[in-house]
Amino acid sequence: MRYAEQLGFIDHPDGVRKIHTVAKPLVGGLGIITGVIISMLAFVPIQHYIGLIIAMLMVGTVGALDDRHDLHFKVRFIVQIAATVSIMYFGGTVLTSFGNLLGFGAIQTGFLGYAITIFCVLGVINAVNMIDGLDGLAGGTSLVAFSAFGLLAWLNGQPELMLIAIAFVGALAAFLRFNWFPSKLFMGDAGSMTLGFVLAFFAIAVTQKTGSVVSPVAALLVLALPITDTITVMIKRVLKGKSPFHPDKTHLHHILKAMGVNHHKVVIVMIGATAISSTIAIIGTVLHLPDYALFSIYIVCFSTYFVASYKLRGIYRRLIWLRQQRVFNVELGEVLR
C-alpha cells in the first residue's frame with residue numbers, strides 16, 4: 001500500500017460505473033497471490049502443481065499489467081487461455097464430463113474436452129471479475145467458495161487440494177481485513193482474475209478425479225452466484241443488441257444498491273447466498289444425491305433469478321411498501337436499510 005501510488009497501482013474514481021469516491025491502492029491481489037504461493041511452496045508437493053503455479057503467475061501478471069495499463073481484453077483472453085493450457089498440460093486438469101445432468105447418463109465432452117475446459121475456465125474468471133464491484137464482495141464470496149472446495153476436496157480424498165484451499169481462505173481473510181467496507185485497498189484484476197482462475201481449477205480438479213464422489217453440479221452450485229449473475233447480465237445485453245461484454249450497472253450488486261439497500265447489507269446478502277448454495281453442494285455430496293437432482297435445484301434458482309431480474313420495478317415497489325410497515329414494534333425500514 002505504501003508504494004502503490006509510485007508503482008501506478010491506484011484505482012481512481014470515474015463517477016460513472018465505479019462506486020468508490022476516493023482513490024484506492026490496487027495491491028490486494030498481489031498480496032493474496034504471494035501469500036498462497038509461499039504457502040504452497042512450504043506445505044504442498046510442488047512437483048504436482050507446477051502447472052497451477054505457472055498459471056497463477058501468468059494470470060496474476062496480466063491482471064497487474066491491466067491494473068497498471070488497462071490492457072485490451074484480447075490480451076487478457078490470450079493469457080487466460082495460455083494459463084488454462086498450462087493446467088491441462090502439466091496436471092491433466094480437463095473437463096471430461098458434466099455428469100448425469102438429465103438422468104439419461106453422463107454427458108461426456110469427448111474430443112471437445114480441451115476447448116470446453118478453456119471456455120468454462122474463461123467464463124468463471126470473468127464471472128468473478130464482474131462481481132468485484134463492492135468492498136468485500138469478491139473476496140467474501142471467494143472465501144466461502146474456497147472453504148466449500150476445501151471441504152469437498154477432503155471428502156474426495158484430495159488433501160493437497162484441501163491445503164491449497166486453506167491457503168486461499170487464509171489469504172482472503174487477511175485481505176478482507178483491509179477490503180471490508182469501508183475499504184483501504186482493492187484486489188484489482190490481478191486478484192479477481194486469479195481467484196476466478198483458481199476457483200475454476202478447483203471445480204475441475206475436484207469433480208473430474210477418477211472415482212470422484214463430488215458431482216460437477218456440486219461445483220456449479222458453489223459458483224452459482226457469479227455464474228448466474230454473469231449469464232443473466234450477458235443474455236440481457238445481447239437481447240438489447242449490445243455486446244455481452246458492454247459495461248453497465250445491471251449486476252445484482254448494482255441493482256440492490258439502486259434499490260436503496262446499503263453497501264454492507266448487499267455484500268452480506270450475496271455472501272450469504274453463496275454460503276447457502278455451497279451448503280447445498282456439500283450436503284448433496286454427503287448424501288450422494290444424483291447429479292440431475294442437484295442440477296434441478298440450480299435450474300430452479302437460475303430461472304427464479306432470471307425472471308426476477310425482469311420484475312425489478314414490482315420488487316422495488318414492494319420493498320418501498322415494506323419499509324413503511326411496522327411489525328412487532330420494529331420499523332422494517334431501518335432493518336432493510
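1. Where is P182 found? P182 sits in the loop between α7 and α8 (188-207), where helices are DSSP runs (H or I, at least four residues) numbered from the N terminus. A cis peptide bond, with omega of about -10°, joins F181 and P182. Most residues other than glycine have a negative phi, and most peptide bonds are trans.

2. On the basis of the note: the model is a predicted one, in which local features need pLDDT of at least 70 and side-chain atom pairs count only at pLDDT 80 or more, whereas totals for chains, interfaces and linings use all residues. Residues are numbered from 1 along each chain as its sequence is written, and side-chain values use heavy atoms, with hydrogens and water left out.

3. A search of the whole structure finds 1 salt bridge, a term that stands for a side-chain nitrogen of Lys or Arg within 4 Å of a carboxyl oxygen of Asp or Glu. D66 forms this salt bridge with R76, and the closest N and O atoms are 3.4 Å apart. Because D66 lies in helix α3 (residues 50-69) and R76 in helix α4 (residues 73-91), the pair ties together parts that are 10 residues apart in sequence. D66 is buried at a relative accessible area of 6%, and R76 is also counted as buried, at 17% (buried means under 20% relative accessible area, exposed over 50% and partly exposed in between, with a 1.4 Å probe and protein chains only).

4. The axes of α3 and α4 come within 8 Å and cross at roughly 170° (axes are lines fitted to C-alpha atoms, for helices over the stretch in contact, and angles run from 0 to 180 degrees between N-to-C directions). The two helices, α3 and α4, are therefore roughly antiparallel, which applies to angles over 145 degrees.

5. For helix α6 (residues 137-155) and helix α7 (residues 159-179), the axes come within 8 Å and cross at roughly 160°, so α6 is roughly antiparallel to α7. The residues in contact include F146 and W154 of α6 as well as F168 and F175 of α7.

Methods. Parallel < 35°, antiparallel > 145°, perpendicular 65-115°, else oblique. Contact = heavy atoms within 4.5 Å.
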